[in-house]
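Hi,

Here is the structure I promised to pass on to you. Have a look at it first, and my notes on what I found follow below.

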Amino acid sequence: MVIELVHIGFGNVLAMNKVIAIVAPNSAPIKRIIQEGRNKGLLIDMTSGRRTKAVIFTDSGHIVLAALAPETIAGRLQANRESSVLISEQDEEKGEP
C-alpha cells in the first residue's frame, strides 16, 4: 500500500489515503463537529495559528484543521497523483518495476 503524503501548509503533511472528506469550516454543523472533536481529543490543529480554511476528516475519526483552502489541498493531491503516474510510466519505459 502506497501512502500519499500531501503538504498542507507550514511544514505539515497529511496521509491522503486516510482522508474521507475535506470541507470548508463555515457552516454551523461543521463548527459543532470541530468542537466535539476538540472535547474528545480527536482534533489536530495544523494551522500554525492561522485562520482555518479547511476541515479534514480521517478514517480514524480524527479531525484535522488546515490553513489552506479545500481546493488548494485537492489540487496538490491531484498534482501528486499526476506526477506519480508520469514517474511510473517513465519507469515502465525503462523496464523498471
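Let me start with Thr-72, which counts as partly exposed because its relative accessibility is 34%; here buried means under 20% relative accessible area, exposed means over 50%, and partly exposed lies in between (1.4 Å probe, protein chains only).

A word on the model before going on. This is a predicted model, in which local features need pLDDT of at least 70 and side-chain atom pairs count only at pLDDT 80 or more, while totals for chains, interfaces and linings use all residues. Residues are numbered from 1 along each chain as its sequence is written, and side-chain values use heavy atoms, with hydrogens and water left out.

The overall layout: the protein has 2 helices and 6 strands, where helices (H or I, at least four residues) and strands (E, at least two) are DSSP runs numbered from the N terminus. Along the sequence they follow the pattern β-β-β-α-β-β-β-α. Of the 97 residues, 29% are buried. The accessible surface is about 6,300 Å², and 54% of that belongs to carbon and sulfur atoms; areas come from the Shrake-Rupley method with a 1.4 Å probe, and for residues only the protein chains shown count as cover.

Strands S1 and S2 (residues 12-15) run antiparallel and are joined by 4 bridges; strands pair if DSSP finds at least two bridges between them. They form a hairpin with 2 residues between them, and Phe-10 in the turn has a positive phi of about 60 degrees. Val-6 stands opposite Leu-14 in S2.

Both of those residues also belong to the largest nonpolar core, which has 12 residues, including Val-6, Leu-14, Ile-8, Met-46 and Ile-73. A core is a set of buried Ala, Val, Leu, Ile, Met, Phe, Trp, Tyr and Cys residues joined through side-chain atoms within 4.5 Å. Strand S1 (5-9), strand S5 (54-58), strand S6 (63-66) and helix H2 (70-94) each give two or more residues to this core. Apart from it lies another core, of 6 residues, among them Ile-34, Val-55, Phe-57 and Ile-63.

Ile-30, in helix H1 (residues 28-40), counts as buried because its relative accessibility is 12%. Leaving out residues up to four places away in sequence, Ile-30 touches Val-23, Ala-24, Pro-25, Val-55 and Phe-57, contact meaning heavy atoms within 4.5 Å. The C-alpha atoms of Ile-30 and Val-55 are 8.1 Å apart.

On the surface, Ile-3, Leu-5 and Val-13 form a nonpolar patch with about 280 Å² of accessible area together. Patches are made of residues with over 30% relative accessible area and no salt bridge: like charges are joined within 9 Å, nonpolar side chains (Val, Leu, Ile, Met, Phe, Trp, Tyr) within 5 Å. Leu-5 lies in strand S1 and is partly exposed because its relative accessibility is 49%.

Finally, where is the salt bridge? The structure holds 1, between the side chains of Arg-81 and Glu-4 (3.1 Å, N to O). That pair links distant parts of the chain, with Arg-81 in helix H2 and Glu-4 in the segment before S1, 77 residues apart. The definition is a side-chain nitrogen of Lys or Arg within 4 Å of a carboxyl oxygen of Asp or Glu.

Best wishes
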